[in-house]
Amino acid sequence: MADLEAPQSKTRDLDKLLLRAGNLVGPDFYPGAELRDDIRDYVRILVVGAGGLGCELLKDLALSGFRNLDVIDMDRIEVTNLNRQLEDVGKPKAEVAAKRVMERVNGVEIKPHFSRIEDKELDFYNDFNIIALGLDSIEARRYINGVACGFLEYDEDDTPRRETIKPMVDGGTEGFKGHARVIVPGVTPCFECTIWLFPPQVKFPLCTLAETPRNAAHFIEYAHLIKWNEVHGGKSFDPDEPDHMKWVYDEAIKRAELFGIPGVTYSLTQGVVKNIIPAIASTNAIISAACALETLKIVSGCSKTLANYLTYNGGEGLHTKVTEFVRDQDCLVCGPGILIELDTSITLQKFIDMLEEHPKLLLSKASVKHGKDSLYMQAPPVLEEMHRPNLSKPLYDLMGRVQKETVHVFGTALKNEEKQSRLAKLRVVFKGADGVTDMDTAIGA
């Protein structure tokens, strides 16, 4: 790998530098002295989440030599965060975290983004070489996993194209427990491949909430799940809206007083509604260090195992283990994609309708993207109006009259009686187009 050992040109393909991990690295590779400069000058990392783990991760990456960092978080700092985070209550977490780390680590440049991850264009994520996750939400992880896997392309033999792989380092903590995991789309299991590992969220029976509440959490969930809909009708509850959270707290207090059961506090209300688990600073530090180390191993070529899963269990003393996951070859997110056969006359509107009926997708309110071109966007309204004329046009024409190509669709799907955001990859083959043989379309969907 001489091209990596003698970087005379600043225009080298950085993606190849970053993907020298595991079995992609030759046995004769030894990182040269210029690696530190390469990390400083070329590598761009996005840290998703600026909470207790995200702040630690941002600091550890900066101290490890990474100089071009971005951080995105939609929340503001609250008083309850101060045991594990920074100061400046009421200010955006991402902005404060970036400022504090830059004050303490010379030469690091951190660009904060006070935004929802869903509000960023896909091209925003494509600008980074590695995505590091410090999230506390399964749904947020699934979204970022879908975005990263959406950049993955396969060749004719269904082998991942190395230059399209977007590595992720996922960290998470829960009390004394935590994990650090490397996800290389197309090579290791993605987050969706192993979603079954996560236990279902604890839910209270509605009859208990309405008739026989026994603790403070029952009153909070009653106000959140039952009373809110009775009073506000079809208005959606936003857990990140302070006025909404205050309303639930006030209603829970009133009902708790009727039953004579104490314990309802605003902090507990936030914890129950948003499923917040108390954070422990030492756990965040351990998992952050593991994530930063895995990130450094990816760019240095030192990682020989890409499917690491590190757990720290304080309930049983100090315990770490490595678990090898098995990749789901039929994964809708990191796999080659679902094969769909279409006539060249099918309009974009008809195609979107088919996604809702497809047994493997059941995708409603879908947006469609082909390469870098958005064919249709459901939101925001200004983009929906802009792309609306495409709905009546043949998809074959909108895709440049290609015979077979990959498209990405994202929308909402019903799972366990809950609507969840979902991104999927489709391999579209147009029957009757020039050059498409019966063999090309014989596989089916």
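**Figure 1. Strand E2 and its parallel partners.** In the predicted model shown here, Asn-68 of strand E2 is the bridge partner of Arg-44, and E2 (residues 68-73) pairs in the parallel sense with strand E1 (residues 44-48) over five bridges, where two strands are said to pair if DSSP finds at least two bridges between them. Helices (H or I, at least four residues) and strands (E, at least two) are DSSP runs, numbered from the N terminus. Six bridges also join E2 to strand E3 (residues 109-114), these two strands likewise running parallel, and within this pairing Ile-72 stands opposite His-113 of E3. Five of the six residues of E2 are buried, so that the strand is mostly covered, with buried meaning under 20% relative accessible area, exposed over 50%, and partly exposed in between (1.4 Å probe, protein chains only). Because this is a predicted model, local features need pLDDT of at least 70 and side-chain atom pairs count only at pLDDT 80 or more, whereas totals for chains, interfaces and linings use all residues. Residues are numbered from 1 along each chain as its sequence is written, and side-chain values use heavy atoms, with hydrogens and water left out.

**Figure 2. The crossover from E1 to E2, and helix H5.** E1, helix H4 (residues 52-63) and E2 make a right-handed β-α-β unit; a crossover is right-handed if, with the strands pointing away from the viewer, the path from the first strand over the helix to the second runs clockwise. In helix H5 the buried residues are Lys-93, Ala-94, Val-96, Ala-97, Ala-98, Arg-100 and Val-101, and what covers them includes H4, E2 and E3. The 12 residues of H5 (residues 93-104) should span 16 Å at 1.5 Å a residue, and the 17 Å between its end C-alpha atoms agrees with this, the expected span being 1.5 Å times one less than the number of residues.

**Figure 3. Surroundings of Phe-114.** Phe-114, which lies in strand E3, counts as partly exposed at 35% relative accessibility. Not counting residues up to four places away in sequence, Phe-114 touches Asp-73, Met-74, Asp-75, Arg-76, Pro-92 and Glu-95, where contact means heavy atoms within 4.5 Å. The C-alpha atoms of Phe-114 and Arg-76 are separated by 8.8 Å, although these residues are 38 apart along the chain.

**Figure 4. The buried Asp-170.** Asp-170 has its place in strand E5 (residues 168-174) and counts as buried because its relative accessible area is 1%. A polar contact of 2.9 Å joins its side chain to that of Arg-141; such a contact is a pair of N or O atoms within 3.5 Å, of which, within protein, one must be able to donate a hydrogen and the other to accept it, and residues adjacent in sequence count only if both atoms are side-chain atoms. Beyond residues up to four places away in sequence, the residues that Asp-170 touches include Leu-133, His-179, Phe-191 and Cys-291.

Figure 5. An unreviewed UniProt entry lists Cys-207 for "active site"; UniProt positions are given in the numbering used here, feature names are shortened, and annotations may be inferred rather than shown by experiment. Cys-207 lies in helix H8 (residues 206-211) and counts as exposed at 53% relative accessibility.
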